[in-house]
Each structure stands twice: as C-alpha cells, then as structure tokens.
Amino acid sequence: TLQHPHIARLLDAGQADDGTPWLAMDWVDGTDLLAWAQKARLGIRQCLQLFLQVADAVAHAHSRLVIHRDIKPSNILVDSQGQVKLLDFGIAKLLQPDHAAAADTALTQAAGRVLTTAYAAPEQLKGESIDGHADQYALAATAYHLLTGMPPFQHTNPAIVISQHLSSDPPAIGTKRPELAGLAPVFAKALAKDAGARYAHCVD
C-alpha cells in the first residue's frame, strides 16, 4: 500500500531456502542524503525543503499504519533530479488501527532489535513498544545531522551513544550552527526523551 513518489516500492519479499529473509525493491540511482547535500552545497532552506520530502514519505507510511523503525541518512537516497527516495522497510512494523503495536512479521522477527543507535529513539533502544513517535525522533536526528554535519550524539562507542540518547539532551542545534538557533525549540520537542512530549505527527 506504500505508493508514494518518495518511497522506493517494495516489489516482493520472502525467505530463502536457508531461512534468510530477503526483499526486492525498486532500484534507485541516487546518492545518500548527506553526501548529496554536501556535493550540492545546499543552504539551510534547501536542506529543509529536501527534508520535507522525507517527512512527507514517512507521514504517508504512518497513514498506512507502517512504522519504518530505521530512518537514517543512508536509507534516504536523492536522485539526479533532487528527488528523495526512502528505502529499506525491512524491519518496518505494522500498527493495528488503534495504533497499538502489532505482532512482528517474519522479517521483523528475524531482524530482532536491528537499529542504528545514532538515530534510534530512547524507547526503541530500551526495547519498548513503539509507535510513529519513534520515526519522528529518527527524522529529527537525521535532520539534525543534515543541518549541522553530525548526529545529535556522536561517539566511537555505541554503548555511550545509547546512554546519551537515554539520559542526556542533545546539544541545542544553535550551538552547532548559530544561524539555526531559531529551530532549537523545534528540535528539542522532536527529540524529547518522552515520546508523548514530541509532536503528534512527523509533518507538524
């Protein structure tokens, strides 16, 4: 059901004879979000306009009761026309119509707690039940990286990054780039430790 101009289509999925899960999706001839923005020397407004495409794609997925669960720059490609494609719904989860987390599919069961610590929401890192607010946190962390050149928390030790996500507020975005100071309240809300304190929807 994910028919959207900024989502790479999932064509088929299953398991190989040895039990390895696989999926087939559209081939996207593009460059990952960060590399493309750097090469194109995008300004702040251009970065935000580009990122709105990503937010719109995630909002579409949520409207179809699908949570991505692994939003990060390398899962976002930009083609030569400057159009975004969100990839890799391999560990996505379906929600029930009442937005309670549904049972894992075979693919998500095989994936276990596969995630990317630099962008994962605190509740996801703790292994708690998640909803669309987890994707919103990952979107904000990805946008933070796009605009400042680094994720909200950065360390060579993943355990320290996890601890930071769980216990610390990220540096205000204006401290990384003063011209972004006006966006500090937006990022503070979107990256709130408590999922309920974040925006109601990822396009808010």
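A: What follows is a chat about strands, salt bridges and a cavity. This is a predicted model, in which local features need pLDDT of at least 70 and side-chain atom pairs count only at pLDDT 80 or more, while totals for chains, interfaces and linings use all residues. Residues are numbered from 1 along each chain as its sequence is written, and side-chain values use heavy atoms, with hydrogens and water left out.

Q: OK. How many helices and strands does the protein chain have?

A: The protein chain has eight helices and seven strands. Helices (H or I, at least four residues) and strands (E, at least two) are DSSP runs, numbered from the N terminus.

Q: What share of the residues counts as buried?

A: Of the 204 residues in the protein chain, 43% are buried. Buried means under 20% relative accessible area, exposed means over 50%, and partly exposed is in between (1.4 Å probe, protein chains only).

Q: And the surface, how much of it belongs to carbon and sulfur atoms?

A: Carbon and sulfur atoms account for 53% of an accessible surface of about 10,400 Å². Accessible areas come from the Shrake-Rupley method with a 1.4 Å probe; for residues, only the protein chains shown count as cover.

Q: Strands next. How do E1 and E2 run?

A: E1 and E2 run antiparallel and are joined by five bridges. Two strands pair if DSSP finds at least two bridges between them. One of the bridges links Ala13 to Leu23 in E2. The two strands form a hairpin with five residues between them, and Gly19 in the turn has a positive phi of about 95°.

Q: Which strand does E5 pair with?

A: E5 (residues 76–79) is joined to E3 (residues 30–32) by three bridges, running antiparallel. E5 also pairs with E6 (residues 84–86), again in the antiparallel sense, over three bridges. Leu77 takes part on both sides: Leu77 is the partner of Asp32, and Lys85 in E6 is the partner of Leu77.

Q: What's between E5 and E6?

A: Four residues lie between the strands of that hairpin, and Gly82 takes a positive phi near 75°.

Q: How many of the contacts join residues at least 24 apart?

A: Among contacts between residues at least 6 apart in sequence, 63% join residues at least 24 apart.

Q: New topic. How many salt bridges are there?

A: The count is five. A salt bridge is a side-chain nitrogen of Lys or Arg within 4 Å of a carboxyl oxygen of Asp or Glu. Side chains of opposite charge can pair when their charged atoms come close.

Q: Which residue does Arg9 meet?

A: Arg9 meets Asp26, at 3.0 Å from N to O. Arg9 lies in the segment before strand E1 (10–15) and Asp26 in the loop between strand E2 (21–25) and E3, so the pair ties together parts that are 17 residues apart in sequence. Arg9 has a relative accessible area of 40%, and Asp26 has 22%, so each is partly exposed.

Q: Are Asp70 and Lys72 buried or exposed?

A: Both are buried. Asp70 and Lys72 form a salt bridge too, with the closest N and O atoms 3.5 Å apart.

Q: Last topic, cavities. How many of 30 Å³ or more?

A: One. A cavity, on a 1 Å grid over the protein atoms alone, is a set of points where a 1.4 Å probe fits but cannot get out, and lining residues have an atom within 4 Å of a point. Grid points are joined across faces, edges and corners, and a volume is the space filled by probe spheres set on the points. The largest cavity holds about 50 Å³ of space.

Q: What lines the largest cavity?

A: The lining includes Asp70, Leu115, Tyr119 and Gln124. Helix H5 (residues 132–148) gives the largest share of the lining, three residues.

Conventions:
Contact = heavy atoms within 4.5 Å. 1 Å grid on protein atoms, 1.4 Å probe; cavity = no way out; pocket = protein on both sides within 12 Å on 5 of 7 lines; lining within 4 Å.
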